[in-house]
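Please read the following report alongside the sequence and the model.

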Amino acid sequence: MSRVLVVDDEPNICALLSATLRLIDFDVRVARGGREALAVAAEFEPDLVVLDVMMPDLDGFQVAQRLRDTASGQAVPVLFLTARDTVEDRISGLTVGADDYVTKPFSLEEVVLRIRAILRRSRVEPASAVLSYADLELDEDAHEVRRGGRVIDLSPTEFNLLRYLLVNPGRVVSKAQILDRVWKYDFGGDGRIVESYVYYLRKKIDCSGPPLIHTVRGFGYALRLPRAAGE
């Protein structure tokens, strides 16, 4: 039974989400503010947090950052539930490790589908081998990524996106393929979230060496070394 922490300062939303999730066999706790959420998370150790952005004490971005700073091992996945859906808000969410967004007003079915998709992709199956390309390494057992020996901190979704690129080195993969294999949406998805995650993954992976993650216009993305001049 997966543990889900629902955080929202609107009692009706907390009641609706918690009742729905319990009906489909999730173990659910509720918090109605940012500080309460941190206290509950420390005791409950959720597998996923559904987190409102606009709250009176600590906003959702602050809560997600503190959860990430204090989490032992793999950071807890976060689904933001918010009326704020601007590019700036998405960037803020991705910066603190958000895994997905649902905009208010929302469909309960969509929230449940996205929760299940996040939980599926955050549970990386054990592997005995280290995936590597050039000086980039991904150790699935240790859940650790290194480039040139430097440890790189990734969110669960960033980790799985990089893993998908590493098992397809040199191959161009489309946004649709990434959504299917990394996000595992059962109802389709928005390609813009792929663009956002590739952008932030590049900032972390390609900041200390030749760029490895390349855009192939009109087709998708590829993990490969830069082409030499004239190629």
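## Backbone details

Pro 105 sits in the loop between strand S5 (100-103) and helix H5 (108-122), where helices (H or I, at least four residues) and strands (E, at least two) are DSSP runs numbered from the N terminus. The peptide bond leading from Lys 104 to Pro 105 is cis, its omega being near -10°. This is a predicted model, in which local features need pLDDT of at least 70 and side-chain atom pairs count only at pLDDT 80 or more, while totals for chains, interfaces and linings use all residues. Residues are numbered from 1 along each chain as its sequence is written, and side-chain values use heavy atoms, with hydrogens and water left out.

Glu 45, in the loop between helix H2 (34-44) and strand S3 (48-52), has a positive phi of about 50° although it is not a glycine. Ala 134, in the loop between S6 and S7, also is not a glycine and has a positive phi, near 55°.

## Overall composition

The protein contains 8 helices and 11 strands. Of its 231 residues, 47% count as buried, that is, under 20% relative accessible area, with exposed meaning over 50% and partly exposed in between (1.4 Å probe, protein chains only).

## Nonpolar cores

A nonpolar core is a set of buried Ala, Val, Leu, Ile, Met, Phe, Trp, Tyr and Cys residues joined through side-chain atoms within 4.5 Å. In the largest one, which has 28 residues, Val 145, Leu 162 and Ile 178 touch the most other members. Elements supplying at least two residues each to this core include helix H6 (156-166) and strand S11 (220-223). A second, separate core of 21 residues includes Leu 51, Leu 58, Phe 61 and Val 78.
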